[in-house]
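Subject: Structure handover

Hello,

Here is the structure for you to look over. My notes follow below it.

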Amino acid sequence: MRPVRRYPVVKAGEGDGTWVLRGDLLGPQSIVYSFGLGWDISFDLDLIKRYGCQVFGFEPLPGALRDLERRDLPANFRLLPYGIGTTDGTVHFDSVDGGYASLTAEGSESSGGFLAETRTLGTILNSLGHDHIDVLKMDIEGAEFGLMDEICGRADAIDQLLIEWHHRGVPQGPAMLREALAKLDRHFVPYYISPRGFEHSYISRRLIDA
């Protein structure tokens, strides 16, 4: 897969926390939803430093939350202790050695995981009082596939969509990715794909000529 459109882009973040996006569409009034922070919020802090964005960071992993809560975070960064999901409620997450968390498949809870809250995108928008997201970033360890219907259903509210796809090593991974990309194609156009092919940057078809 190759990007359909090419735009002037910027890199934000450091190391594995680097993402590519259109910075020319961002400013102090921009709303950023960052799902799946882990311990690395270099991307989020970079957007605040460069553009003054309002960043809402979502992370259910207890160890990462404790670390982030101890940091001196800027006023433009709001940390929220839950994840995005297909339902509102408490769900089971897998976590290997306390590391990055992924939603557990129904009926396959492991002893190494934890329980945490998830909310649908619609619930999150309503609770935060937003009707528009300038950038929605997701690095949620495979849970992205189950969210495509709601993401597409809320496409009119999203300008840029940044996703790390976690299809490698999953038996149905390639098919799941093809299905997800077909759904996104109705609403978003890819303008950047990382050299390793996992991180994709999309822009709304509403802004295709912006």
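The protein has five helices and 13 strands. Please keep in mind that this is a predicted model. Of its 210 residues, 53% count as buried. Take the contacts with a separation of 6 or more: residues 24 or more positions apart account for 65% of them.

**Helix H3**

H3 covers residues 121-128. Its buried residues are Leu121, Gly122, Ile124, Leu125 and Leu128. They sit on the same side of H3, because they cover an arc of only 165 degrees around the axis. The background is simple: an α-helix has 3.6 residues a turn, so residues three or four places apart point the same way. Just after H3 comes Gly129, with a positive phi of about 75 degrees.

**Strand S9**

S9 runs over residues 114-119. One face is covered, with Phe114, Ala116 and Thr118. The other is uncovered, with Leu115, Glu117 and Arg119. In a regular strand the side chains alternate between the two faces of the sheet. S9 also pairs with strand S6 (residues 83-84), in the parallel sense and over two bridges. Look at Gly83 there: its bridge partner in S9 is Thr118.

**Aromatic rings**

A search of the whole structure gives nine aromatic pairs. One of them is Trp19 with Phe43, a tilted pair, at 6.4 Å centre to centre and 55 degrees between the planes. Trp19 lies in strand S2 (residues 19-21) and Phe43 in helix H1, so this pair ties together parts that are 24 residues apart in sequence. Trp19 and Phe43 are both buried.

Phe93 and Phe114 also pair. Their ring centres are 5.3 Å apart and their planes are at 5 degrees, so the pair is stacked. Phe93 belongs to strand S7 (residues 89-95) and Phe114 to S9, so parts that are 21 residues apart in sequence are tied together. Phe93 is buried, and Phe114 is too.

Ring pairs link Tyr33, Phe35, Phe56, Phe58 and Tyr82. Tyr82 has a charge over its ring: the charged end of Arg119 sits 4.0 Å from the ring centre. Arg119 is on the uncovered face of S9. Elsewhere, the charged end of Arg22 sits over the ring of Tyr7, 4.2 Å from its centre.

**Salt bridges**

The count comes to eleven salt bridges. Among them is the one between Arg50 and Asp46, at 3.1 Å from N to O. These two residues are four apart in helix H1 (residues 42-51), which puts about one helical turn between them. Are Arg50 and Asp46 buried or partly exposed? Arg50 is partly exposed, at 40% relative accessibility. Asp46 is buried, at 17%.

Glu150 forms a salt bridge with Arg154, and the closest N and O atoms are 4.0 Å apart. Arg154 is partly exposed, at 34% relative accessibility.

Another salt bridge joins the side chains of Asp159 and Arg206, at 3.0 Å from N to O. Asp159 lies in strand S11, while Arg206 lies in the segment after strand S13 (199-204), so the pair ties together parts that are 47 residues apart in sequence. Asp159 is buried, with a relative accessible area of 11%. Arg206 is partly exposed, with a relative accessible area of 41%.

Shared partners also build a network. Salt bridges join Asp149, Glu179 and Lys183 in it.

**Glu164**

Which strand holds Glu164? Glu164 lies in S11 (residues 158-164). Glu164 is a charged residue to look at with care. Why does Glu164 count as buried? Its relative accessible area is 11%, and buried means under 20%. Leaving out residues up to four places away in sequence, Glu164 touches Trp19, Met138, Asp139, Glu144, Arg196, Phe198 and Glu199. Trp19 is the residue that forms the tilted pair with Phe43.

Best wishes

Note on methods:
Residues numbered from 1 in each chain as written. Predicted model: local features only at pLDDT ≥ 70, side-chain atom pairs only at ≥ 80, totals over all residues. Heavy atoms only, no water. Buried < 20%, exposed > 50% of the residue type's maximum accessible area, 1.4 Å probe, protein only. Arc of directions from axis to C-beta. Contact = heavy atoms within 4.5 Å. Phe/Tyr/Trp six-rings, centres within 6.5 Å; stacked < 30°, edge-to-face > 60°. Lys NZ or Arg CZ within 6 Å of the ring centre and 35° of its normal. Pairing = 2+ DSSP bridges.
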